[in-house]
Amino acid sequence: MRKFAVLAAGCSTLAVLVGFGAGRAWFTLTPAQLDAARAPAAAEELTTGTIAARWPTPGGVPAGSSNGATPAPTIQPARATVDPAIGAKPAALPAPAPAPVRQAQACSNPNALGISRTVEIDTAGGPGLGMSQYRDYDFLQPGEVALTFDDGPWPVNTPAVLAALAAQCVKAVFFPVGKHASWHPAILKQVIAAGHTVGSHTWSHVNLASKPFAEAKGEIEKGISGVVQAAGQPTAPFFRFPQLRQTPELKAYLGERNVATFSIDVDSEDFRIHKPDQLVAGVMAKLKKAGKGILLMHDFQKSTAQAMPELLAQLKAGGYKIVFITAKDRVTTLPEYDAQVAPAQPVASTAKPIANVIRTVD
Ligand SMILES: [Zn+2]
């Protein structure tokens with residue numbers, strides 16, 4: 001196991017440990033595979049190392065425990081510039097489209113937790129949000145919590161999360177994996193229909209920091225295209241790196257695409273805590289310590305789906321306020337990547353009318 005290094009502790013309530021070294025992350029995310037690759041108990045602090053360790057590797061070794069050469073996540077300024085040596089600046093990127101006017105949805109539960117305020121992010125230039133990696137926009141007030149869910153959409157678990165959120169009249173940001181969205185478009189449409197914000201989280205959840213730039217860019221773009229295609233409408237220009245592993249070049253590329261990058265403040269560690277009561281207790285303890293923050297959870301995880309009703313109840317009892325994050329504009333997709341994720345079209349038939357080929361003669 002490689003050592004962790006403390007990279008940031010500027011916030012008085014937040015210390016961040018970043019893991020070095022990781023094997024290649026494998027990406028086909030079935031609960032059984034996650035179970036098989038479950039990381040050992042980690043420190044109680046936020047660690048991208050522990051986030052990395054949750055992903056299986058081809059050899060079955062937790063990613064965070066290998067001595068691979070993958071660079072660790074680094075703290076980036078929110079508006080990095082493209083390295084001219086990379087030549088990454090895409091030509092004639094489409095301009096973002098404005099988001100539709102949101103309709104207020106009635107809440108039928110008078111005792112619901114509810115949303116205390118809704119914020120709108122102008123993603124021009126690709127701001128970074130989440131104090132564990134980005135320090136430019138400390139927009140949450142003490143006691144404010146933003147709920148985020150990664151890795152869906154997934155049968156049973158995502159609908160259960162949606163039901164719990166609806167019961168308490170709260171909304172969240174979802175970061176679906178493009179491939180999962182292509183498998184379960186109807187569930188993603190449920191997320192959209194419920195009024196939540198939907199970003200993206202790559203096509204197949206690989207560690208982008210371990211990939212050549214062009215391949216990593218393709219993962220980002222295919223993820224966006226796949227989610228938009230499954231959603232049936234443009235989604236928010238919000239993105240989260242798998243395992244929070246980024247590179248300066250990729251962060252700069254997202255800036256060129258006017259896509260905001262989301263990091264985290266509080267990690268639920270729902271990838272390893274599988275008893276709902278323990279998950280709730282852990283999140284509440286971390287929130288008490290941090291005081292506020294963007295909370296990372298996974299609608300992919302059964303434990304999270306089971307824990308949500310009690311977690312939301314305890315957030316209300318604890319006096320926390322839910323902040324709903326929305327985007328000013330919609331994300332644009334690139335046609336080349338739309339084509340790559342489009343379902344194969346049936347080949348046009350060249351068959352003649354059946355009567356021209358087959359006739360009854362006797
Ligand atoms: Zn993820």
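Here are some questions and answers about this structure, which is a predicted model.

Q: Which residues coordinate the zinc ion?
A: Start with the spacing of the donors along the chain, which reads D-x49-H-x3-H. The donor atoms sit at 2.0 to 2.1 Å from the zinc ion. Two of the donors use NE2 and one uses OD, and the residues are His201, His205 and Asp151.

Q: Is His205 buried or exposed?
A: You'll find His205 in the loop between strand E9 (197-198) and helix H6 (213-231). Buried means under 20% relative accessible area. His205 has a relative accessibility of 1%, so this residue counts as buried.

Q: What is the phi of His205 near?
A: Most residues other than glycine have a negative phi. His205 isn't a glycine, yet its phi is positive. The value is near 60 degrees.

Q: Is Val156 buried or exposed?
A: Val156 is another residue with a positive phi, near 70 degrees, and it lies in the loop between E7 and H3. The cut-off for exposed is over 50% relative accessible area. Val156 comes in at 63%, so it counts as exposed.

Q: Where is Pro153?
A: Most peptide bonds are trans. The bond from Gly152 to Pro153 is cis instead, with omega near -5 degrees. As for its place, Pro153 is in the loop between strand E7 (144-150) and H3.

Q: Are H3 and H5 roughly parallel or oblique?
A: Helix H3 (residues 157-167) and helix H5 (residues 185-193) have axes 10 Å apart and pack at an angle of about 10 degrees. Angles under 35 degrees count as roughly parallel. That makes H3 and H5 roughly parallel.

Q: Are H8 and H9 roughly parallel or oblique?
A: The axes of helix H8 (residues 276-290) and helix H9 (residues 302-317) come within 8 Å. They cross at roughly 45 degrees, and angles under 35 degrees would count as roughly parallel, while 65 to 115 would be roughly perpendicular. H8 and H9 are therefore oblique.

Q: How many residues in the contact of H8 with H9 are charged?
A: This crossing of H8 and H9 is right-handed. On the H8 side the contact uses Pro276, Leu279, Val280, Val283, Met284 and Leu287. On the H9 side the residues include Ser303, Ala307, Glu310 and Leu311. The contact divides into nine nonpolar residues and four polar ones, and the charged count is one.

Q: Is Gln340 buried, exposed or partly exposed?
A: Gln340 lies in helix H10 (residues 335-341). Under 20% would be buried and over 50% would be exposed. The relative accessible area of Gln340 is 46%, so this residue is partly exposed.

Q: What distance separates the C-alpha atoms of Gln340 and Lys222?
A: Along the chain, Gln340 and Lys222 are 118 residues apart. In the model, their C-alpha atoms are separated by 7.2 Å.

How values were computed: Residues numbered from 1 in each chain as written. Predicted model: local features only at pLDDT ≥ 70, side-chain atom pairs only at ≥ 80, totals over all residues. Heavy atoms only, no water. Donors = N, O, S within 2.8 Å, 3.2 Å for Na, K, Ca; no water. Helix = DSSP H or I, 4+ residues; strand = E, 2+ residues; numbered from the N terminus. Buried < 20%, exposed > 50% of the residue type's maximum accessible area, 1.4 Å probe, protein only. Axes fitted to C-alpha atoms, helices over the stretch in contact; angles between N-to-C directions. Parallel < 35°, antiparallel > 145°, perpendicular 65-115°, else oblique. Left-handed = near helix turned anticlockwise from the far one by under 90°. Contact = heavy atoms within 4.5 Å. Nonpolar A, V, L, I, M, F, W, Y, C, P; charged D, E, K, R; others polar.
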